[in-house]
Amino acid sequence: MITAITDTFTDDHHRCDRLLAAAEASAGGSDWSAIGAAAALATAMERHFTLEEDIVFPALAQVFFVAENPIEIMCSEHAQMRPLVADLGEAVGARDKSAFLGILETLHFLVQQHNYNEEGIIYPMADGALPERAVEMAAMISDV
Ligand SMILES: [Fe+2]
Ligand SMILES: [Fe+2]
């Protein structure tokens with residue numbers, strides 16, 4: 001059984017988790033190194049969302065109609081998280097540490113729920129429904 005999509009996209013979730021934790025930690029310092037940490041997190045999350053929305057989800061929806069509804073939910077959650085990531089950049093710009101940490105806390109909560117559903121439902125579906133493309137898609141997300 002192929003698990004290439006599940007394995008690599010889950011790894012990328014963990015990479016984003018580490019960047020989120022690093023952003024949280026960076027807010028504690030006096031040098032406000034959060035600028036770099038927030039930018040790294042935003043880049044990693046946007047790249048991840050885009051690969052799902054442009055490559056994995058459309059391919060899955062095309063061959064496995066049952067996936068359409070959960071995919072729609074995943075995309076609406078991306079749409080919920082994107083403005084938070086943008087707000088994070090604004091909080092850094094305004095040197096607003098409490099807003100920064102508040103946004104990260106909300107983001108952390110949303111990301112955990114979202115990733116749980118992708119790792120448990122969407123990615124295994126994609127591995128099962130797209131066996132001939134799974135390795136190729138896994139290579140795209142691994143290529144950081
Ligand atoms: Fe996602
Ligand atoms: Fe994901």
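Leaving aside neighbours within four places in sequence, A138 is in contact with A4, I5, D7 and T8, two residues being in contact if their C-beta atoms, placed from the backbone, lie within 7 Å. The model is a predicted one, in which local features need pLDDT of at least 70 and side-chain atom pairs count only at pLDDT 80 or more, while totals for chains, interfaces and linings use all residues. Residues are numbered from 1 along each chain as its sequence is written, and chains are lettered from A and ligands numbered from 1 in the order in which they are written.

A138 also belongs to the largest nonpolar core, which has 18 residues; A138, I5, V56, L60, A126 and A134 are those that touch the most other members. A nonpolar core is a set of buried Ala, Val, Leu, Ile, Met, Phe, Trp, Tyr and Cys residues joined through C-beta atoms within 7 Å. A residue is buried if 20 or more other C-beta atoms lie within 10 Å of its own, exposed if 12 or fewer, and partly exposed in between. Two or more residues of this core come from each of α1 (4-26), α2 (34-63), α3 (68-93), α4 (97-129) and α5 (134-142); helices are DSSP runs (H or I, at least four residues), numbered from the N terminus. Another core, of 16 residues, lies apart from it and includes A38, M45, F49 and L88.

Two packed helices are described by the angle between their axes and the distance between the axes. Axes are lines fitted to C-alpha atoms over the stretch in contact, and angles run from 0 to 180 degrees between N-to-C directions. For α1 and α4 the angle is about 175° and the axes are 9 Å apart. By class, the contact comprises twelve nonpolar, five polar and four charged residues (nonpolar: Ala, Val, Leu, Ile, Met, Phe, Trp, Tyr, Cys and Pro; charged: Asp, Glu, Lys and Arg; polar: the others, Gly among them).

The axes of α2 and α4 come within 12 Å and cross at roughly 30°, so α2 is roughly parallel to α4. Here A34, V56, L60 and V63 in α2 meet F100, M125, A126 and A129 in α4. This contact has eight nonpolar, no polar and no charged residues.

N117 is also found in helix α4, and counts as partly exposed because it has 14 C-beta neighbours inside 10 Å.

How values were computed. Angles under 35 degrees count as roughly parallel, over 145 as roughly antiparallel, 65 to 115 as roughly perpendicular and the rest as oblique.
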